Amino acid sequence: MTSFLDPLISFVSANAWLAYLTLFLAALLEAVPVAGSLVPGSTIILALSALVPGGELKLWPVLAAAVAGAALGDGSAFLIGHRSQREILSTWPLSNYPRVIAQSEAFFNRWGVLAVFFARFVPPIRAFVPITAGALDMPPARFYAVNIPAILLWAPAHVLPGVLAITALHDYAGLPHHGHVGKHLWIFAVVGCALIITLAVWTIRRRHGGGVIEPARSK
């Protein structure tokens, strides 16, 4: 794994724009219904944030890419739902996920406008709430007034932990930036935690009769 990460980090250093594009697409796809439940966007953002302290990536462009991707993804999903109304919730591919649509509606009905804010921090519901909010005829001005502040908090919450962790490893543990040791530790930890959480959630859902993103079975 280390032999894979070293050339990857070197490649990112020489092609930073590809890393920013990856961050943008990760945040964008996380906000797309169905796809957002499958793409590990948060894991990608958390892992790549480890490359900021050493200078391979810059903090502000990383934050900007994450914010722009999330805003475009959420905004597009909302506008599609707002234009199509409830009809969109019963069309493919959303029609294959009645359980998660029902959860999104219940979440929205329970929390109202705050559902848009809270959903940004709750996978996999965050991939369905924007389109559900649009389908339930939430006014666009109200949606964006809540969604944009949520994204502006969500992006630093995903980027800064990696930046601070690697900085602490270098400043207090004496690990050299050019040695990539801290970056390896962080990336391994992020990927490992993501796999453990995914396995735990899958196990819990299996024991309770299936997962929220499990497609409806044809009769």
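**Close-up 1. Helices α2 and α4 run roughly antiparallel to each other.** In this predicted model, the axes of α2 (residues 16-30) and α4 (residues 41-48) come within 8 Å and cross at roughly 150°. Axes here are lines fitted to C-alpha atoms, for helices over the stretch in contact, with angles from 0 to 180 degrees between N-to-C directions. Helices are DSSP runs of H or I with at least four residues, numbered from the N terminus.

**Close-up 2. The contact between α2 and α4.** On the α2 side we have A19, T22, L23, A26, A27 and E30, and on the α4 side G41, S42, I44, I45 and L48; contact means heavy atoms within 4.5 Å. Sorted by type, the residues of this contact are seven nonpolar, three polar and one charged (nonpolar: Ala, Val, Leu, Ile, Met, Phe, Trp, Tyr, Cys and Pro; charged: Asp, Glu, Lys and Arg; polar: the others, Gly among them).

**Close-up 3. R126 and E30 meet in a salt bridge.** The structure holds two salt bridges, meaning a side-chain nitrogen of Lys or Arg within 4 Å of a carboxyl oxygen of Asp or Glu. In this one the N to O distance is 2.8 Å. R126 sits in the loop between α7 (114-119) and α8 and E30 in helix α2, so the pair ties together parts 96 residues apart in sequence. R126 is buried at 4% relative accessibility, and E30 is buried too, with a relative accessible area of 4%. Buried means under 20% relative accessible area (1.4 Å probe, protein chains only).

**Close-up 4. D74 forms a salt bridge with R120.** Their closest N and O atoms are 2.9 Å apart. With D74 in helix α5 (residues 59-84) and R120 in the loop between α7 and α8, the pair ties together parts 46 residues apart in sequence. D74 is buried at 2% relative accessibility, and R120 is buried at 1%.

Close-up 5. Q85 and A135 are 50 residues apart in sequence, yet 3.9 Å apart in space, C-alpha to C-alpha.

**Notes.** Residues are numbered from 1 along each chain as its sequence is written, and side-chain values use heavy atoms, leaving out hydrogens and water. Local features need pLDDT of at least 70 and side-chain atom pairs count only at pLDDT 80 or more, whereas totals for chains, interfaces and linings use all residues.

Key:
Helix = DSSP H or I, 4+ residues; strand = E, 2+ residues; numbered from the N terminus. Parallel < 35°, antiparallel > 145°, perpendicular 65-115°, else oblique. Buried < 20%, exposed > 50% of the residue type's maximum accessible area, 1.4 Å probe, protein only.
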